[in-house]
Structure formats: C-alpha cells, structure tokens
Amino acid sequence: MSGNIELLNTTLAAARAEDRAALIAYLPAGFPTVDGGIEAVKAVIAGGADVVEVGLPHSDPVLDGPVIQTADDIALRGGVRIADVMRTVREAYEATGVPILVMTYWNPIDRYGVERFTAELAEAGGAGCILPDLPVQESALWREHADKHGLATVFVVAPSSQDARLATITAAGSGFVYAASLMGVTGTRASVGAQAQELVGRTRATTELPVCVGLGVSNAGQAAEVAGFADGVIVGSAFVKAMLDAPDEAAGLDAVRSLAGELAQGVRKR
C-alpha cells in the first residue's frame, strides 16, 4: 500500500487556492492514553485542522519544551509503543480522511528499521514524516524507502540556516518545509517574531514546496500573523497544554476542538 503524500500535497494546494494558510496541529500519540490520543487527533480535525502531526514520544526530545516533554513522559510511562503510533495514524486517517504525518526523532526509526517503519506507516495511511534531527546528508536511506512507499520527508529549517544550506535541505525534502520560527525549543510565546518571516522568504527562494511555520503560535491572532506570510501554521504546545490543563479527558477534547476552531478562523484572516 502506498502512503498519502499526494493527499498532503492536494490538501496544502487547496488551502492556497482558498487564499489562506493551512492549519497543522501537533499532538503526541499515547497522550493522555492511546485511545485518548486518537480521540484528541479527531477532535482537532473536527475543529478545523487541515493536517495533523502525530508525535512519537521520545525520552530525549531535544526540540521540545516542557509542555510537550510532560505529555511525552505521560505517554511513555503509559507504555506507548511504535505500534500505538501507527494505530493512532490509521484510526485518525480512516475516521477523517485528513493527511496524518508522524513527527519523530531519528533514533526510534533507526532502531525499529527504516524499511519496516516506512512500510507500516504507509500501510496505516500515513502521509509522511517530520524528522527534526536527521541530517540531510545522512538521509539517503530514509528518503529511498519513503519515496518507495509514497511518504513525504519533511525537514526542519531554522533562522540560523545559511542560504546554501537551505537550498540543500529543501532540495531533499518533500511535502512541505517546516520553518522553525526562532532558535529554541517548542512552546507558546507572546510573539512569533520577525525572524520567521525572513526565514520563510529565504526558504521560498530555494523551493516550490509550501513553507509552514511552527514554534510559538498559540492563538488566533498569532495564527493570522503567520498566515500572512506562510503557507501553513503549525501549532503543538498550545494543544498539548489545553489537554494538560483540562480537569478530565472529555474537557480536554472539548478544549482542543475549540482551540482548533479559533486557530482555523485565524489562518483565514491572513
């Protein structure tokens, strides 16, 4: 079975055709439980997310701040496994028809086996992977198997990336480019900053791929600001925090559904 890179491509193209940015939501698998995590993904899609990144919880998430680290810890203590991540992708995709990616550090894939991981992700209906710590120059094996199975390979660029480096990264990627809005870890912030707009401009000069901005967006106003210059707005910590702050799982699902609705309005006010 082939993965859903084409669904991702057409979803992002449809948002552009509507003269808006896409809303891309992030939630970790297994948080607060495996079943609860699946329901949370469905809830953000019901609220208006166009694409969802399912996080593969990791014990050393170098890109992630304290909010996502807390959720990862809950998932890991709950015994989440890669099979649960694949189940989350499968059930969310089958229920919604929305493109679902996995965001993961490289070590779990390396240990699991690249061929096994890509084959299972494609079979689950996944659209691809975001790989924040896989160097492009070491990505040939991954890209070979991802291409074979119809999966996008999304790399992360940062404000520190030089133009030549941006060109190398974007030439190797597919689906979209994940532009980290600032140097640092994930988390909600008071402002997204001018660095993000400059990075999007420099990245667009190297590629036709959509450029989507993450790190720091937490409300509709910030979503509208980023949607003014990016093809997609990526929101993670704000959704995770809404789940963490809720008194129970049902309230958490309501909270993330409502937040997704607000952000979906924001990306339409570019």
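Which β-α-β unit do E8, helix H10 and E9 make, a right-handed or a left-handed one? E8, helix H10 (residues 220-227) and E9 make a right-handed one; right-handed here has the path from the first strand over the helix to the second running clockwise, with the strands pointing away from the viewer. Helices (H or I, at least four residues) and strands (E, at least two) are DSSP runs, numbered from the N terminus.

A word on the source: this is a predicted model, where local features need pLDDT of at least 70 and side-chain atom pairs count only at pLDDT 80 or more, while totals for chains, interfaces and linings use all residues. Residues are numbered from 1 along each chain as its sequence is written, and side-chain values use heavy atoms, without hydrogens and water.

| Strand | Sense and bridges with E9 | Residue and its partner in E9 |
|---|---|---|
| E1 (residues 22-28) | parallel, 4 bridges | leucine 23, valine 233 |

Buried means under 20% relative accessible area (1.4 Å probe, protein chains only). In a regular strand, side chains alternate between the two faces of the sheet.

Over in helix H6 (residues 114-123), the buried set includes Val114, Phe117, Thr118, Leu121 and Ala122. They sit on the same side of H6 because they cover an arc of only 125 degrees around the axis, taken from the directions from the helix axis to the C-beta atoms. Among what covers them are helix H4 (82-96) and strand E3 (100-103), with contact meaning heavy atoms within 4.5 Å. Just after H6, glycine 125 has a positive phi of about 90 degrees.

How values were computed
Pairing = 2+ DSSP bridges. Buried < 20%, exposed > 50% of the residue type's maximum accessible area, 1.4 Å probe, protein only.
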